[in-house]
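Please look at the structure below, then follow how each label is reached.

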Amino acid sequence: MNQLLAGKKFLIMGVANDRSIAWAIAKQLHESGATLAFSYQGDRLESRVTKLVEATMPGSTMVQVDVTRDDEVAGAFALLKEQWGTMDGLVHSLAFAKTEELEGNFVDTSREGYLLAQDISAFSLVACSRYAKDMMPDGGTIITMTYLGGERVVGNYNVMGVAKAALDQSVRYLAADLGAQNIRVNAISAGPINTLAARGVKNFTSILPQVAEKSPLKRNITQEEVAKTALFLASDLSSGITGEIIHVDAGYHIMG
Ligand code: NAD
């Protein structure tokens with residue numbers, strides 16, 4: 001076990017179950033000595049996420065946050081401020097679009113569906129970073145999760161691709177804003193992984209073998225590989241890196 005994050009405090013947003021990328025990141029950060037708090041979305045996930053956390057990281061702070069609700073976002077950071085005073089990092093690993101917008105043609109996206117995807121998947125990073133920065137007087141690190149569908153057109157990803165493009169650019173603007181405070185903001189662009197969110201994209205499972213065949217490493221990637229990169233971005237090993245999008249996708253994005 002390394003101690004790269006000994007004494008550091010991180011909020012992990014986006015654990016839904018043990019397949020969540022956020023959960024793999026939490027395990028990696030915990031094994032590296034970090035103290036963690038978790039936010040979960042709504043009553044529906046409370047017992048599942050609490051059980052998961054209590055089994056391996058008992059005593060972690062748990063807080064309910066639906067990122068569309070300003071009061072819950074503000075309340076979560078107020079609670080952390082009371083408990084921790086300061087924090088060292090934020091892991092933002094959440095996104096949402098309606099299932100009906102993740103199939104068919106992008107041109108048919110509804111106004112409501114467009115705004116909802118942007119609100120949850122992109123604006124939430126801005127909102128949470130605003131609170132997080134006030135708890136990072138000595139600097140810190142903010143990590144979010146993106147996907148190639150924000151850079152290229154990927155079948156059925158549609159409105160989520162446009163939200164990821166906004167997220168990617170938010171990473172750059174936030175990195176420029178917060179750099180003077182020694183807060184680094186980066187994204188990991190993960191290859192496809194079979195999670196709850198991914199299964200919302202029509203024909204998602206057919207992407208996995210296609211990516212494995214075409215990518216330089218000739219395989220798919222795992223949550224753990226994403227988590228190891230998150231550990232790198234969370235730690236001082238990446239102290240000179242901000243505003244970056246690191247692809248953890250077996251090299252798929254370089255292929256023509
Ligand atoms: P997941 O379903 O395990 O996690 C998605 C999380 O988003 C859930 O915990 C859910 O509760 C949360 N969420 C949705 N709406 C929310 C809201 N209103 N308020 C608060 N939380 C909300 O799936 P995942 O694949 O681990 O997704 C995590 C991140 O990784 C997402 O940003 C996703 O787009 C990104 N990503 C996933 C893949 C993949 O193939 N799985 C690839 C690249 C990027």
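The questions that follow go through the labels one by one.

Q: How do you know what the values rest on?
A: This is a predicted model, in which local features need pLDDT of at least 70 and side-chain atom pairs count only at pLDDT 80 or more, while totals for chains, interfaces and linings use all residues. Residues are numbered from 1 along each chain as its sequence is written, and side-chain values use heavy atoms, with hydrogens and water left out.

Q: Why is I188 called buried?
A: Buried means under 20% relative accessible area, exposed means over 50%, and partly exposed lies in between, with a 1.4 Å probe and protein chains only. I188 has a relative accessible area of 0%, so I188 is buried.

Q: What makes the place of I188 a strand?
A: Strands are DSSP runs of E with at least two residues, and helices are runs of H or I with at least four; both are numbered from the N terminus. I188 lies in β6, which covers residues 183–190.

Q: Which residues is I188 in contact with, leaving aside neighbours within four places in sequence?
A: Contact means heavy atoms within 4.5 Å. Among the contacts of I188 are I143, M145, V226, L233 and V248. E244 is 56 residues away along the chain, and its C-alpha atom is separated from that of I188 by 8.3 Å.

Q: What makes F106 partly exposed?
A: F106 has 37% relative accessibility, so F106 counts as partly exposed. The residue sits in the loop between β4 (89–92) and α4 (111–134).

Q: Is S93 buried or exposed?
A: S93 has 12% relative accessibility, so S93 counts as buried. S93 is also in the loop between β4 and α4. Not counting residues up to four places away in sequence, S93 touches M13, G14, I21, A22 and M145.

Q: How many residues surround the ligand?
A: There are 27, the closest being S20, I21, Q41, I193 and T195. A residue is near a molecule or strand if one of its heavy atoms lies within 4 Å of it.

Q: What polar side-chain distance to the ligand does S20 have?
A: A polar contact is a pair of N or O atoms within 3.5 Å; within protein, one must be able to donate a hydrogen and the other to accept it, and residues adjacent in sequence count only if both atoms are side-chain atoms. For S20, a polar side-chain atom lies 2.6 Å from an oxygen atom of the ligand. Q41 has a polar side-chain atom 2.8 Å from a ligand oxygen. In G14, a backbone N or O atom lies 2.9 Å from a ligand oxygen. Of the 810 Å² of accessible area that the ligand has on its own, the protein covers 94%.

Q: Why is Q223 called buried?
A: The relative accessible area of Q223 is 19%, so Q223 is buried. Q223 lies in helix α7, residues 223–234. Beyond neighbours within four places in sequence, its contacts include S20, I21, I193 and T195.

Q: What makes R69 and E72 a salt bridge?
A: A salt bridge is a side-chain nitrogen of Lys or Arg within 4 Å of a carboxyl oxygen of Asp or Glu. The closest N and O atoms of R69 and E72 are 3.4 Å apart. R69, at 39% relative accessible area, is partly exposed, whereas E72, at 14%, counts as buried.

Q: How many salt bridges are counted by this rule?
A: The count is five. One of them joins D134 and K133, with closest N and O atoms 3.0 Å apart. R219 and E225 meet in another, at 2.7 Å from N to O. Shared partners join R69, D71 and E72 into one network.

Note on methods
Areas by Shrake-Rupley, 256 points an atom, 1.4 Å probe, with all protein chains shown as cover.
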